[in-house]
Amino acid sequence: MENLSRKPNEHGQNSTDSPPDRTKNELESPSLFQSQTSGATQDGAVAFELKFLLTEQQAKDIAVALQGRLAPDPYADPSLQGAYRTTSLYTDTAGFDVYRRNGNHAGTKFRVRRYGLDGPMFLERKDKDGDRVRKIRTTISAGDLCPLYETNAESGVNGHWAGVWFRDAIRASGLKPVCRIGYERIAFMGSTDSGAIRVTFDRNIRGEMTNNWEVAPIREAAELLPGFVIGEFKFRYALPALLKEVVADHRLVPTTISKYRRFINATGCVPQEAPLNHAVSATESGGTADV
């Protein structure tokens with residue numbers, strides 16, 4: 001896998017430790033920087049992502065501590081007590097090489113994500129190396145998914161479809177839809193001298209198997225982590241003082257947990273006796289290994 005620690009930016013220069021000007025797009029996702037409505041959005045720098053498996057009480061206490069210090073996410077839905085629904089369509093090969101972390105599939109996910117029932121939809125590539133994360137994504141409409149499964153379909157300005165890069169990548173890698181995973185997310189975001197920060201809490205995580213390019217809400221399905229909340233701290237360059245304070249005050253210990261791997265393990269669709277490419281810890285064998 002490529003080294004995410006230092007890569008050329010759009011001007012062909014190596015990224016540095018000095019934070020660039022911040023935008024609304026970066027605040028909403030620190031692993032993205034430049035805001036574009038067509039074409040892939042990406043940046044030469046990387047973000048960092050720390051995950052925590054929290055009890056419901058821990059999540060509530062941390063949210064209270066952040067109120068007034070970080071702003072609520074713009075997608076917050078008052079009818080969901082400030083949360084918003086997120087649905088992600090995950091892809092993998094016929095042999096589940098993404099799940100198994102085989103070859104070039106290790107640490108890379110291609111997915112389609114939607115916020116809300118009729119909110120924005122994104123084609124995304126996420127690369128993760130330890131706690132370093134980079135995302136590339138393109139905004140599309142629901143009707144623009146057809147080029148992913150219709151060979152000659154095109155849409156967009158002057159016949160150019162904004163998701164060509166995504167379509168070509170999944171076809172070259174043999175990726176197809178495997179499952180949809182939905183959850184309710186409460187998010188806070190803000191800006192510090194060291195860059196944008198974002199804190200999220202994911203609840204009611206559920207999944208369904210699928211082989212269709214549809215990002216529909218999850219129907220009735222068992223929760224993957226009943227009684228628990230996945231918390232994530234996302235930031236650039238260095239862990240901000242505010243988040244250091246939260247970690248210390250609540251005695252938080254980062255963990256590795258993947259919704260996708262958790263769901264695939266729960267379905268039993270991948271034989272567990274088949275060896276993985278990487279050593280799997282006792283925690284990971286319970287479904288919390290990250291991809």
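Arg251 counts as exposed, because its relative accessibility is 74%; exposed here means over 50% relative accessible area, buried means under 20%, and partly exposed is in between, with a 1.4 Å probe and protein chains only. Arg251 lies in the loop between H5 and helix H6 (259–267). Helices (H or I, at least four residues) and strands (E, at least two) are DSSP runs, numbered from the N terminus. Arg251 is not a glycine, yet its phi is positive, about 50°. Most residues other than glycine have a negative phi.

Before I go on, the ground rules. This is a predicted model, in which local features need pLDDT of at least 70 and side-chain atom pairs count only at pLDDT 80 or more, while totals for chains, interfaces and linings use all residues. Residues are numbered from 1 along each chain as its sequence is written, and side-chain values use heavy atoms, with hydrogens and water left out.

Phe96 sits in the loop between strand E3 (84–92) and helix H3 (97–100). Is Phe96 buried or exposed? Phe96 counts as buried, because its relative accessibility is 15%.

Now the chain overall. It has seven helices and nine strands. Of its 291 residues, 49% count as buried. The chain exposes about 13500 Å², with carbon and sulfur atoms supplying 49% of that; the areas come from the Shrake-Rupley method with a 1.4 Å probe, and for residues only the protein chains shown count as cover. Take the contacts, meaning heavy atoms within 4.5 Å, in the chain with a separation of 6 or more: residues 24 or more positions apart account for 72% of them.

Next, the strands. Two strands pair if DSSP finds at least two bridges between them. Strand E1 (residues 47–55) runs antiparallel to E6, joined by two bridges, and there Phe48 has Arg132 as its bridge partner. E1 also pairs with E9, again antiparallel, over eight bridges; in that pair Phe52 stands opposite Gly231.

On E6 itself (residues 132–140), seven of the nine residues are buried. Strand E5 (residues 121–129) is joined to E6 by nine bridges, and the two run antiparallel. Glu124 is opposite Arg137 of E6. The hairpin of E5 and E6 has two residues between the strands, and Gly130 there has a positive phi near 65°.

What about E9 (residues 228–235)? Seven of its eight residues are buried, so E9 is largely enclosed by the rest of the structure. Strand E8 (residues 195–209) pairs with E9 in the antiparallel sense over six bridges, and Ile197 is opposite Phe235 in E9.

Then helix H2 (residues 56–66). Which residues of H2 are buried? They are Ala59, Ile62, Ala63 and Leu66. These cover an arc of only 100° around the axis, so they are on the same side of H2; the arc is that of the directions from the helix axis to the C-beta atoms. An α-helix has 3.6 residues a turn, so residues three or four places apart point the same way. What do the buried residues of H2 pack against? The partners are E1, strand E7 (176–192), E8, E9 and helix H5 (241–249). After H2 comes Gly68, with a positive phi near 85°.

Last item: Gly190, in strand E7. Gly190 is buried, at 14% relative accessible area.
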